[in-house]
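Dear colleague,

Please find the structure below, followed by an account of what was found in it.

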Amino acid sequence: MKYYDKLIFELSQPGRIGFSLPEIPGQARNDFKGSTVWRESKLDLPEVSEVDVVRHYTNLSQMNFGVDTGFYPLGSCTMKYNPKINEEIANMPAFLGLHPLQPESTTKGALEIYVGMDKALAAITGMKHFTFLPCAGAHGELTGLMLMREYHMSRGDSARTKVIVPDSAHGTNPASAAVCGLDIVVVKSKENGLVDVEALKPLLGPDIAGIMMTNPNTLGLFERDIKEIAKLVHDCGGLLYYDGANMNPLLGMVRPGDMGFDIMHLNLHKTFSTPHGGGGPGAGPVGVSDKVLPFLHIPRVSGFHGNFGIILRAYAYILMLGREHVKMAGKLATLGANYIKESLKDCYKLPIPTVCKHEFVFDGLLEDNGVSTLDVAKRLLDYGFHAPTIYFPLLFHQAIMIEPTETESLETLDAFIAVMRKIAEEAKADPEMLHGAPHCTPIGRPDETTAARQPVLKYD
Amino acid sequence: MGAFSYFPQTEEDIRIMLERIGVSSLDDLYADVPADFIYKGEYDLPSAMSEQQVRDFFEGLAAKNTRLKVFVGQGAYDHYVPSVIPYITSRSEFLTAYTPYQCEISQGTLRYIFEWQTMICRLTGLDCANASMYDGPTAAAEAVRMCVASTKKRNSVIVSARLLPHVIETIRTYAKYAGINVVVTDKVAEEVAEGVLDLAGVIVPSINRFGIIESHLGLADLVHEKGALLVEYCDPSALAVVKTPAEWGADIAVGDGQSLGIPLCFGGPYVGFMACKEALMRKLPGRIVGQTTDASGKRCYVLTLQAREQHIRREKATSNICSNESLMALWCTVYLSLMGPEGMRKLNALCYEGAHYLHDALLATGKFESVFEGEFLKEFCLKPKCDVWKLQQALLDAGFFAGLQTEDGYVTFCVTEKHSREELDQIVEIVKSVK
């Protein structure tokens, strides 16, 4: 990657244009002056040619790392390969040109896609039906919790204002609950990384709306007590929410509906291969069991029909997988994670040594040379790998969370393992060098403190 | 079932990996899952398709949609998409990247978000903007939450009934579960003056759902006197010529970036934007990119002010947004770079020209009455004096999506730079022919 220093504003030259528009027929009837409703200030946008724009953004793209660039072992993010046929389907003019308010008689093909996706996701998850309005995973969580509240409200059960969240949960879980007007009760994990059922029991009561579970959890461990947890929560009158961010290892193996979950979301941009786009757009459809079905379409959480373009891509992926290949997806993801874990546990501290699912967590280097998880992560960038998720989950101080996904070959995993071992060696030989990593990227470590204390959020 | 192109593991690879792990089969990796949870049935999915079969399948579905020329807006505008945009946004370094947590290898994403934030500030006239929201309606709902979070012990908001219906519905949804009191009214200024107790914010459209550019003269002062914040919901494309939220005195601006060259795509993905005055900067939800330097003094960009966000604050967070619509923000940023100030002015002039031409010609048919006073730009409403169903059907038969009926019984039209004079004349002829 080469460093390129320009902002588009710095390329601007008065009089240069990058657009091509038809001429106004005849005399323009308005110059946008002479009424209080028109803009007073001059609009300052870049004045650049088309070629300036193309070169500028191409140069920017070359300072970026994507799944197509290389291995992205980012825990809980499921950075699997994004198939190209998906892009082609999503860019068909017959889909791109549809206005969301067109009469149903003119959008039959699009509506069939929703019906097909609903059926496919129901088959994969064991839920009854899905709503496609949520635009991201956290948006799905929020929607799911709204449904949880609708369920209780419909029964006149207004005292249920608390939701239980394990201490290992994704940060969005407690945040979504708070945004939904629920109070959060944290349930602790045991030393083996699983929810402590004994600690859960006294929390349950008539004020509990439900529990949000991630299974496998953020340590990559299957919550094997889920059957008992489901019974306890249901017996107290609560519902079970399934955070689908970690659905990938269960794809083709286990269905959340069968485990007793009442509401769940899926991240189509994780489990169903749609590209992350540098932080969206994604899609977070929410599925429900029979019990919650009557409320499915009550919360209007986004503008039109959700992120249709993302739903199209995910549907194409499901059709490629089919009922045959779907059975291998989760297993191969789990295989890769366990392979990396077993290959590195003699260099990196493995707090929970049992078999993992799609991801697992190291707690820093085995040997303490003052080299932090951040140093390891930054050094990986020098070797052409994206860093794992770091300092999450919060249960371990030096957490390194690794998720390889099923689309990575043995050679890729071996190359990553070799580099991780090499970094462990470097930590012994030259810790200083690691504190300064990365050394081969377009920029070095940024001054984040100044960025936050004296924020510069726009170009002047 | 044999090999699959997205799974690179050969049987030999699998054997090697299982051996390293010390188990004898893939199923052994699920030994910790209670046996009755392992799904043993056949998944009720279609049989795996080849790539060509997938393409044929979707082409079949595509053929079931009717391609129409779109003359309706209502929150989704059919502007021309310059060819450069999909070319840039489909570059896989942008498309297949994650959220830019590792800034050293994400300067591309971070840089365009910084440019987007700058452009949103310039369009709205406000001081700072975030990295994007899901869409306009959710941005409006988050702005309402922001008003409540930024004013002490205040829990009511006044929402203009002239906002688009789906914007009002989304605000209502978010507010319902957060326990925020929402007053939807046609008479915003009167309602503010009369004094809703514990008023936290007021949200009004820059251009309302009837297409009229609203005058908010004096509104900001009135709202501020009550100790509340003013939010404007805007069409960013129109802000090139329409008075800005800052010029009206608003504290927060939100809206949908779709009008900046994003395809209609049946309603999404679009992108929400949010901008605010500097005093509210640390109350903004979502990601924010800031400029800084690296150890060698090189200018660079990072995600900043993260102390606001869900992954740090967890249950104390005021918003749960994590992924947003980054790639769509790139879409708009490239669009605005191409258009520049002159392109945006000319685009709006073309919309104005076409919309007024159609408006006047439709009125001249005698089949409509004018209902609203005031300036409009590209979208307008008329009161029909003919059978609306017949009118719509005749237009549909000719390949036009136009004259959508609103909940008030009016019909709405929208004209953009894409539409030719010939097409407008055709619409008028069809209207004339409807008995």
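The centres of domain 1 and domain 2 of chain A, taken over C-alpha atoms, are separated by 41 Å. Chain A is divided into domain 1 (1–63), domain 2 (84–321) and domain 3 (328–435); such bounds come from an automatic or database domain assignment.

Please note that this is a predicted model, in which local features need pLDDT of at least 70 and side-chain atom pairs count only at pLDDT 80 or more, while totals for chains, interfaces and linings use all residues. Residues are numbered from 1 along each chain as its sequence is written, chains are lettered from A and ligands numbered from 1 in the order in which they are written, and side-chain values use heavy atoms, leaving out hydrogens and water.

Chain A holds 13 helices and 10 strands (DSSP runs numbered from the N terminus: H or I of at least four residues for helices, E of at least two for strands). Its radius of gyration is 25 Å, close to the 23 Å that the globule rule gives for 460 residues, so chain A is as compact as a globular protein of that length. This radius is taken over C-alpha atoms, and the rule is 2.2 Å times the number of residues to the power 0.38.

Turning to the two chains together, the contact (heavy atoms within 4.5 Å) takes 182 residues from chain B and 204 residues from chain A. About 17,300 Å² is buried between chain B and chain A, with carbon and sulfur atoms giving 65%; buried area is the accessible area (1.4 Å probe) that two parts lose on being put together, summed over both. The rule finds 17 salt bridges across this interface, a salt bridge being a side-chain nitrogen of Lys or Arg within 4 Å of a carboxyl oxygen of Asp or Glu. One salt bridge joins the side chains of K176(B) and E150(A), at 2.5 Å from N to O. On the side of chain B that touches chain A, helix α12 (residues 326–364) of chain B gives the most, with 26 residues.

Within chain B, there is a division into domain 1 (69–79 + 340–433) and domain 2 (84–333). Their centres, taken over C-alpha atoms, lie 29 Å apart. Between them, these two domains of chain B bury about 1,800 Å², 62% of it on carbon and sulfur atoms. The count between domain 1 and domain 2 of chain B is 2 salt bridges. R209(B) forms a salt bridge with D408(B), with the closest N and O atoms 3.0 Å apart.

Yours sincerely
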